Amino acid sequence: MTSRTACLLGMGARRCTPVAPIVATLLTCAATFALGSAGCHDAVSAGLGGGTPDVGATETGPLPPGDLAPLPAARAVDHGHFATSQACADCHSNSAGSDAMRDAAGRPIAPFDLWQATMMANSARDPLFRAALAAERVATPSLAGAIEDKCLTCHSPMAAWEAHSTGGAIALATVYSDTAEGQLALDGVSCTVCHQIQPNGLGQPERFSGKYVIGSERLIYGPHAAPFERPMEMRSGFVPVAADHMRSSALCATCHTLYTDAHRPDGTPVGQRLPEQTPYLEWRNSAFSTERADPGPLAADCQGCHTPTRDVDGAPISTAIARRPDGSDFPPIGDRSPYGRHVFVGGNTLIPAILRDNAATLRPPAPAEAFDAVIAAARAQLEQRTASVTVLPEPADEAALRFSVRVDNRAGHKLPTGFPARRAWLRVTVRDAAGQAVFTSGAVDAAGRIVGPDGQPLAFERAGGPMEPHHAVVTQPTQVQLYEAVMADADGTPTGRLMHAASYAKDTRLLPIGWRDDHPDAPDTRPVGPTGDADFAGGSDVVAFALPRPAADGPFQVEVSLLYQTLGARFAAELFAVDAPEIRAFASYFEAADRTPVTLATATLTLP
């Protein structure tokens with residue numbers, strides 16, 4: 001075996017040349033792991049090392065649509081209290097000449113390399129975010145400046161903090177400017193923002209909605225005791241400090257618990273606020289919480305899932321956390337543990353693909369291979385560790401086919417969670433003895449829209465259309481069990497605009513295991529819609545199906561899939577009903593993207 005082949009296979013090659021084309025890596029991955037597994041993610045990630053990237057490299061891809069210019073290319077900036085990620089990559093990316101930041105099998109797991117194509121790294125370049133922000137500006141123009149400042153506080157936190165520290169505000173124009181502030185803004189949720197957040201009040205309401213505290217000392221907090229300070233201080237001007245709060249879920253809560261205040265279209269406040277994103281509160285009210293007085297066997301903090309300290313083989317990671325800038329090992333730095341893989345894996349396969357495929361416009365500094373790795377990791381997370389489905393027989397009935405579908409949420413928060421554009425639903429197909437479909441609910445077309453028996457999108461997929469209710473029992477093919485959040489304005493009318501949302505008209509997202517209605521966080525995470533459905537409870541939902549018995553002969557095969565979209569068709573329709581350059585740009589990307597839903601789980605049952 002050549003050293004290059006060993007590098008591709010991730011089989012102990014400790015000093016590898018960066019991997020060649022992603023096709024070769026994926027072929028190797030298919031031979032080494034089950035394709036789509038978590039191990040596949042790291043096999044692909046093996047091609048992402050090699051030191052600081054050439055952030056000025058020319059990208060190829062489609063030209064920018066309409067009147068929206070390409071974003072500035074990334075470049076190294078040290079400005080105020082922050083530096084862009086390229087400064088950290090000098091020592092915290094993989095190099096062919098170093099054993100640092102590798103797992104026991106020699107696979108490269110450097111923080112910069114794994115982070116660079118994640119949604120954290122691209123939070124400001126994300127075209128869906130900027131389209132949604134533009135829609136909010138258009139819908140409530142008198143608050144445009146305040147809207148931009150609030151949203152960019154978490155999507156461009158370094159530039160936002162610098163603006164706020166002098167009593168100012170950050171505007172979207174900063175993201176589009178090739179200035180020092182613009183580079184900080186475009187670097188997204190970067191190294192020197194997360195690692196400078198202080199422990200003051202973490203997990204408390206005063207720190208939610210982006211109210212993180214950062215000092216002026218340029219201290220870089222990490223989980224390792226007795227850090228070797230001098231090299232980092234001399235190289236970057238930052239000083240490493242040991243701090244336990246970097247492994248705390250409350251750190252993530254600063255931006256992943258977000259409230260928005262409701263307003264009328266003219267900008268008048270209505271005195272209500274919406275818990276727009278609450279994954280931290282959902283987690284805290286679950287069996288996964290490590291903050292409970294009696295953490296159980298499922299207890300795991302946010303970092304445990306999203307920056308795991310075990311390699312893909314399940315072994316704890318112990319490795320040197322840095323190398324020399326010249327690419328060689330730095331002997332004074334020994335192996336450290338715990339070491340978190342900065343994969344930040346989540347439930348988004350759509351936007352990483354759009355960023356990869358539209359690099360000429362969006363200009364992300366990460367290579368295509370890095371985005372392929374992020375997509376593979378997200379798909380593996382969704383398909384293997386997110387949910388399960390079971391089809392259960394019901395007592396036989398001469399007049400009807402009866403069965404139940406149980407959906408179990410295996411995530412540590414609601415499913416789906418976060419921004420309310422996401423949704424999951426059941427696709428149920430019943431086939432007769434000849435294999436012909438005699439019943440279908442939840443089918444989807446090539447555009448990602450849920451369709452009825454005639455193949456046309458159902459009414460709830462239209463902007464302004466009716467809201468599909470939660471179902472305890474499904475009897476018709478036009479009834480679809482959707483797990484989603486639908487916002488409502490102060491008058492109770494469904495809306496796609498966050499600034500107009502005062503409550504939820506519907507929130508049937510699956511609750512996490514252990515969710516309790518008497519928990520202090522229950523009021524802001526309580527479901528809306530399944531009232532009276534005793535089978536909708538913490539961790540699961542059971543849906544009964546009572547279908548008119550077909551004239552065709554049995555036995556009948558029941559096929560059930562739980563499908564998921566990062567951007568639901570209804571939310572997209574509401575977004576595209578608004579006109580702005582960012583929305584037109586995103587519409588062009590979305591139109592060209594693969595909108596096939598991700599299948600989270602499947603199950604079958606044969607009925608007589």
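**Salt bridges in close-up**

**View 1. Arg406, at 33% relative accessibility, counts as partly exposed.** The model shown is predicted. The partner of Arg406 is Asp408, and the two side chains meet in a salt bridge with an N to O distance of 3.0 Å. Asp408 counts as buried, because its relative accessibility of 16% falls under the 20% cut-off. The salt bridge between Arg406 and Asp408 therefore pairs a partly exposed arginine with a buried aspartate.

**View 2. Asp397 and Arg402 form a salt bridge.** The closest N and O atoms of Asp397 and Arg402 are 3.0 Å apart. Side chains of opposite charge can pair when their charged atoms come close. Asp397 has a relative accessibility of 23% and counts as partly exposed. Arg402 also counts as partly exposed, with a relative accessibility of 35%.

**View 3. Glu559 and Arg431 are joined by a salt bridge.** In this pair the closest N and O atoms lie 3.2 Å apart. Glu559 is partly exposed, with a relative accessible area of 29%. For Arg431 the relative accessible area is 29%, and this residue is likewise partly exposed.

**View 4. Asp103, Arg107 and Asp313 belong to one salt-bridge network.** The three residues are joined through salt bridges that share partners. Across the chain, the count of salt bridges comes to 29.

**View 5. The whole chain provides the setting for the close-up views.** The chain holds 20 helices and 16 strands. Of its 608 residues, 56% are buried. Among contacts in the chain with a separation of 6 or more, 68% are between residues 24 or more positions apart. The accessible surface of the chain comes to about 23,700 Å², and carbon and sulfur atoms account for 55% of that area.

Conventions
Residues are numbered from 1 along each chain as its sequence is written. This is a predicted model: local features need pLDDT of at least 70, side-chain atom pairs count only at pLDDT 80 or more; totals for chains, interfaces and linings use all residues. Side-chain values use heavy atoms; hydrogens and water are left out. Helices (H or I, at least four residues) and strands (E, at least two) are DSSP runs, numbered from the N terminus. Buried means under 20% relative accessible area, exposed over 50%, partly exposed in between (1.4 Å probe, protein chains only). Contact means heavy atoms within 4.5 Å. Accessible areas come from the Shrake-Rupley method with a 1.4 Å probe; for residues, only the protein chains shown count as cover. A salt bridge is a side-chain nitrogen of Lys or Arg within 4 Å of a carboxyl oxygen of Asp or Glu.
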